[in-house]
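Subject: A structure for you to look through

Hello,

Please open the structure below and keep it beside this email. My notes on it follow.

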Amino acid sequence: MSNKVETAARVLPTAALSAAAWALAWLTTGSIDSADWLPYAALAGLLLLVLLFTGAAARPRRLELWALGALAALAGWEALSLSWSAVPSLARDEALLTLFYAFALLAPLLTLRGEADRLLAVGAVAAEAALLAVAAGLELRFGGNQADHFYAGRLSFPISYPNAQAAVFLIGFWPAIVCAAHRRAPVLLRALALGGAAAIAAGWLTAQSKGGVLAIAVSAVVLFAVSPLRLRLLPPALMAAGLTAAAYRPLTAPFRAADEGALVADVRNTGATILVLAAIALVAGALYAFADRRLELGRRAMRLAGVAAALLAAVVVVAGVTIVLSRVDLGAEWRAFKNAPTNSASSHLLQLGSYRYDIWRVALKEFEHHPLAGIGSRGFGAAYLEHRSSPDTPVRAHSFELDALSELGIIGFALLAAALVPLLVPVVSGTRALDPAATAALGGAAYWLAHGSVDWLWTVPACGLPFFLLLGIAGSRGARAPLSRRATVAAAAVVAAVVVALFVPPWLSARLTVRGQIAWAKRLDPLAVEPYVAASARAPTPRAAIPPLLDAVRKEPRVVELRFALAQAYERAGKVRAARRELLQAKRLDPREPRIDEALRSLPRG
């Protein structure tokens, strides 16, 4: 087998999981429902089994084994917390998601060998984000239902949550820039990489994610401060950023659309702008790559270029701060941050209004009251409904750190840190050692960690999968021994058990629920409430609809939607007192929900 074929075979598992991340975004619209992403988790497990049985797996090093052990322990703690979580089935799903991420981390760790392998794997991650941005641009320009692809003037396609959509784009930005800057890469690949980086940046600006602005700025500071390749990265980064900035008006025009007709026209123009920027950047990337191959800088020129880059960065920072201080009333924006968002600005990026202040307030309160073990994995949604001061209904705390602290306590947070910190060590050391793949991973990881600190990216597999792939790519640097036969058999047994016993049953249960095979759905997933809700919906009479919902409420008594559904079933069956009792319980769980007040007022007296 030739070297190129062997390299392709080693990169294939990482490329396949990158393609899975694309499919999770495009085909499942970024769904967080386990029934949608569990097939991809099973696919990751099957890929690992193939790698293990072919004998192609390398032995992970001590730090990587520590991180994998911590991820497994975190999954175990999340699963254990279902005994005190408000939503046991979701706590179990969170544990399965963590195992999915561990599988994604393992794929590049077990297969990649040299620099060429790692750089191609980085290219696969960049290509996933770039292809998603280009596909979105094509859909916006030539597809239908353009107005449905935007929420409050922000891109919400293919993922319906604009901030997650921006994150799926931006996780590939620095990998694309590294590929565009790599001098030994073919000119065509460098041109495609820069075109992809411009499409990614344009897609993010169309989604108008403020968390993305913060995170890409933080990642740029980290990357240019740590990487000795900073001068090589600067030209393609400036080209992609400059093209995107020049197209600010057309890319954000849907936010300012006065009516649906104007919105459709603006959306078509936005799609065209994304595609045009990608094409311009592709040509610029080719020209830059040709010039870069013929230009040699001596030490003096390199020092001057370094000084110039530092001065340019300082000018950009000073100009940015000056603009912010001169045009933005920080006091007013801080007050807006603590209150509801408005559409008074010309772009979502220019307003700080959100509900995060209240979300984080509740998360910190829950940690204060439950510091050791938290309120149980995925329990924040129910806790927020009970204590909120806003109309928002988030399922997570919009911060992976606050999610861990509020839901899993100090123990869960320590396990999360024990998993992530060892994985970042080879990222930083590889970056300092001029490894392009580690440099790409540093940029991507710094971006994800910064954005994940102010949003709920962990819960969206389309966002989390590329992050763990990049960490695995960076960790695969250096010579490693083959995995021993005994370790291979043990690892294969564990992976097979996870796929067959943990991933498959909940997925099958969800499928059978949709098909109406309720009895088997209940057997396969004893934690799920969906079979009971489905059984109630299929009941032949109003009275027959009550027992299944009673069983669902017994499983998750702190879920307000189940209480509300049970109250409605009682009302339809003529049991007014029971309906009022359940509505009052729902009111206690969610005091600010207007539907409950309306339902109580509409009940007949009795």
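Start with Gln208, which lies in the loop between α8 (187–207) and α9 (210–226). Helices here are DSSP runs (H or I, at least four residues), strands are E runs of at least two, and both are numbered from the N terminus. Gln208 has a positive phi of about 55°, although it is not a glycine. Most residues other than glycine have a negative phi, and most peptide bonds are trans. Gln208 counts as buried because its relative accessibility is 0%. Buried means under 20% relative accessible area, exposed means over 50%, and partly exposed is in between (1.4 Å probe, protein chains only).

Before going on, a word on the source. This is a predicted model, in which local features need pLDDT of at least 70 and side-chain atom pairs count only at pLDDT 80 or more, while totals for chains, interfaces and linings use all residues. Residues are numbered from 1 along each chain as its sequence is written, and side-chain values use heavy atoms, with hydrogens and water left out.

**Backbone points**

Leu434 also has a positive phi, about 70°, and is not a glycine. Leu434 sits in the loop between α17 and α18 (436–452). Is Leu434 buried or partly exposed? Leu434 is partly exposed, because its relative accessible area is 46%.

Next, look at Pro158. The peptide bond from Phe157 to Pro158 is cis, with omega near 0°. Pro158 lies in the loop between β2 (154–155) and α6 (162–170).

**The bent helix**

α17 has 33 residues, yet its end C-alpha atoms are only 27 Å apart. A straight helix would reach 48 Å at 1.5 Å a residue. (The expected span is 1.5 Å times one less than the number of residues.) Where does α17 bend? α17 bends by about 135° at Leu408. The bend at a residue is the angle between axes fitted to the seven residues ending there and the seven starting there.

**Cavities**

Some terms first. On a 1 Å grid over the protein atoms alone, a cavity is a set of points where a 1.4 Å probe fits but cannot get out. A pocket is an open set with protein on both sides within 12 Å along at least five of seven lines. Lining residues have an atom within 4 Å of a point. Grid points are joined across faces, edges and corners, and a volume is the space filled by probe spheres set on the points.

How many cavities of 30 Å³ or more are there? The count comes to two.

The largest cavity holds about 130 Å³ of space. The largest share, six residues, comes from α17. By class, the lining has six nonpolar, one polar and five charged residues. Ala, Val, Leu, Ile, Met, Phe, Trp, Tyr, Cys and Pro count as nonpolar; Asp, Glu, Lys and Arg as charged; the others, Gly among them, as polar.

The second largest cavity has a volume of about 30 Å³. Ile32, Trp37, Asp93, Glu94, Leu97, Arg378 and Thr459 line it. α4 gives the most to this lining, with three residues. Three of the lining residues are nonpolar, one is polar and three are charged.

**The second largest pocket**

This pocket has a volume of about 1100 Å³. It is lined by 47 residues, and Val87, Ser89, Leu90, Glu556 and Val559 lie nearest its centre. Elements that give two or more residues include α4 (88–111), α16 (380–387) and α22 (530–537). Which element gives the largest share? That is α16, with six residues. The lining has 23 nonpolar, ten polar and 14 charged residues.

α22 has buried residues too: Pro531, Tyr532, Ala534, Ala535 and Ser536. They pack against α20, α21 (518–524) and α23 (546–555). Contact means heavy atoms within 4.5 Å.

Ser18 lies in helix α1 (residues 3–26). Ser18 counts as buried because its relative accessibility is 3%. Leaving aside neighbours within four places in sequence, Ser18 is in contact with Ala124, Val125, Glu128 and Leu469.

Ser390 is in the loop between α16 and α17. Ser390 counts as buried at 3% relative accessibility. Not counting residues up to four places away in sequence, Ser390 touches Tyr355, Asp358, Tyr384 and Arg592.

Best wishes

Definitions and conventions:
Expected span 1.5 Å × (residues − 1).
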